[in-house]
Amino acid sequence: MRTDPLVDYDEAVDRYDPVLGIEVHVELGTDTKMFDGAPNVFAADPNTAITPVSLGLPGTLPVVNGKAIEYAIKIGLALNCQIAEHCRFARKQYFYPDLTKNFQTSQYDEPIAFDGWIDVELEDGETVRVEIERAHMEEDAGKNTHLGGATGRIQGATRSLVDYNRAGVPLVEIVTRPIEGVGERAPEVAAAYVRTLRDIFRTLQVSEARMERGNVRADVNVSLRPSPESPLGTRTETKNVNSFRSIERSVRFEISRQAGILDAGGTVVQETRHFHEDTGETSSGRVKSDAEDYRYFPEPDLVPVAPSRAWVEELRAALPELPAARRRRLLGEWGYSDLEMRDVINAGALDLIESTVAAGASPQAARKWWMGELARTAKEHETELEQLAVTPAQIAELQGLVDGRKINDKIAKQVLGKVLEGKGDPAAIVEQEGLAVVSDDSVLTGAVDQAIAENPDVVEKIKGGKVQAIGALIGPIMKATRGQADAGRVREIIMERLGLS
């Protein structure tokens, strides 16, 4: 139960200067674990993706995963880091129930990558540069499941189960330097930074980077100080936050909570904290340890890692186009406005639109579908665009039917609904359900003649020069043909029948 007083967020950032520090852990998508040959898989039966090395059994020895080293270097290069000529692993020691060795193999004073930076673009186009202190390699821990309590946490649980499948999965931890000067935008900056990293990981193809699976997790440090000129305040670290919305909410809450403590003359405790999705609040975990408390010492069972400069440069030359550069290129190619592109990015539609354009649709048509009808559908179902049951190729096919005047926009929306229901591809649906546009002049002429006969007043307006009144004739014709008439051809026939063509 929360006991700390809260200060309104706007008041808090008006009186205090927030400073962030973010540690992001990304699970690498290698075939095997960091130090042994156990498979690196998700959702396997508990304790099946393990070997004696995973369990740290006596007599076992670790061997470094070369692909994990490669992925770590790629991440470092993408973050504009220097790549170490020589680095080593260390033992980080405290009690880990989910690492049977009772220490984590990590890197301490010699990380694989260091001294980098990344530019983070916010929703309104403002750019914030975040400096990277280090990116180091380590192994993940297993998963504890606490049972018998009300919250699923260890507090109040009657028993705990441990699954060691994740123990030893390769990780890269990216640690920022203090992020200063962001003021009231601190929550937005924190989420945008992690989103930027997530996009980079996916572009590099070093991880699936699915936050809901824990592939990417953020530890968010927050501290307050009276002014930008003051020394840094005492920080708290909210652990393992795994969604962008939760990152924003946790930062906002911590700023309000810490401001309440400081306003009351109290002292912020340096500690880890847990974020609660249901309430948007954080709760105390444990007093935060300093580096010396972990009793780091060099891992004696692993040789140092010394990537050659030639290999590093080879990896640098092979880096794919990174997200920021790609967005700038597509902005020019597609002719979108800056606002349109930001909307596309914020909606998570960039990849979908690019694939739709590659499948044959125009950039404007692709944007129309993904940011219009499909965005509304995703919102109604409270899901992400990419989770909808439609592919970019199907959207391009649907637009092709419209461009070819085989269906009109109204019918296209009906067809899209059936695609989303899993009834097939657009062209097949149009064929099977007889939804093609009616363009047969013999059919359309009869409908036109009937509309003219039933609306003499409209006809007089049109003949009198009010050509826009033609819409009053087209409406009944569309209704008579269940919306399948070729509206353009209908207009032409009306003008012909009235002697105005």
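This report walks through selected features of a predicted model, from its domains down to single residues.

## Domains

Domain 1 covers 9-292 + 303-315, domain 2 covers 321-432, and domain 3 covers 441-497. Domain 1 is therefore written as two segments in that assignment, because its entry reads 9-292 + 303-315. The centres of domain 2 and domain 3, taken over C-alpha atoms, lie 32 Å apart.

## Helices α2 and α5

Helix α2 spans residues 66-78, and helix α5 spans residues 309-317. Their axes come within 10 Å and cross at roughly 65°. The crossing is right-handed.

On the α2 side, the contact is made by Ile 69, Glu 70, Ile 73, Lys 74 and Leu 77. Helix α5 brings Trp 311, Val 312, Leu 315 and Arg 316. Six of the contact residues are nonpolar, three are charged, and none is polar.

Glu 11 sits in helix α1, residues 9-15. Its relative accessibility is 43%, so Glu 11 counts as partly exposed. The C-alpha atom of Glu 11 is 8.5 Å from that of Ser 256, although 245 residues separate the two along the chain.

Glu 254 belongs to helix α4, residues 244-263. Is Glu 254 buried or exposed? Glu 254 is buried, because its relative accessibility of 1% falls under the 20% cut-off. Residues up to four places away in sequence aside, Glu 254 touches Val 222, Thr 236, Thr 238, Arg 273 and Thr 282.

## Pro 170 in strand β9

Pro 170 lies in strand β9, which runs over residues 170-176. Its relative accessible area is 0%, so Pro 170 is buried.

Which residues does Pro 170 touch, not counting those up to four places away in sequence? The list runs Val 26, Glu 27, Leu 28, Thr 30, Thr 32, Lys 33, Met 34, Asn 40, Ala 68 and Glu 138. Val 26 is 144 residues from Pro 170 in sequence. In space, the two are 8.4 Å apart, C-alpha to C-alpha.

Asp 115 is a residue other than glycine with a positive phi, near 55°. Asp 115 is found in strand β5, residues 113-121. With a relative accessible area of 34%, Asp 115 is partly exposed.

Arg 405 is not a glycine either, and its phi is positive at about 60°. Where is Arg 405 found? Arg 405 is in the loop between α10 (392-403) and α11 (409-420). Its relative accessible area is 48%, so Arg 405 is partly exposed. That value does not pass the 50% cut-off for exposed.

## Ala 427 in helix α12

Ala 427 is part of helix α12, residues 426-432. Its relative accessibility of 36% makes Ala 427 partly exposed.

Setting aside neighbours within four places in sequence, Ala 427 is in contact with Glu 397 and Leu 401. Ala 427 and Leu 401 are 26 residues apart in sequence. Their C-alpha atoms are 7.4 Å apart in space.

Helix α15 covers residues 471-480. Its buried residues include Leu 473, Ile 474, Ile 477 and Met 478. Why do they lie on the same side of α15? They cover an arc of only 130° around the axis, which puts them on the same side of the helix.

Arg 482 counts as exposed, because its relative accessibility of 60% is over the 50% cut-off. Arg 482 and Leu 435 are 47 residues apart along the chain, and their C-alpha atoms are separated by 9.2 Å.

Notes:
Residues numbered from 1 in each chain as written. Predicted model: local features only at pLDDT ≥ 70, side-chain atom pairs only at ≥ 80, totals over all residues. Heavy atoms only, no water. Axes fitted to C-alpha atoms, helices over the stretch in contact; angles between N-to-C directions. Helix = DSSP H or I, 4+ residues; strand = E, 2+ residues; numbered from the N terminus. Left-handed = near helix turned anticlockwise from the far one by under 90°. Contact = heavy atoms within 4.5 Å. Nonpolar A, V, L, I, M, F, W, Y, C, P; charged D, E, K, R; others polar. Buried < 20%, exposed > 50% of the residue type's maximum accessible area, 1.4 Å probe, protein only. Arc of directions from axis to C-beta.
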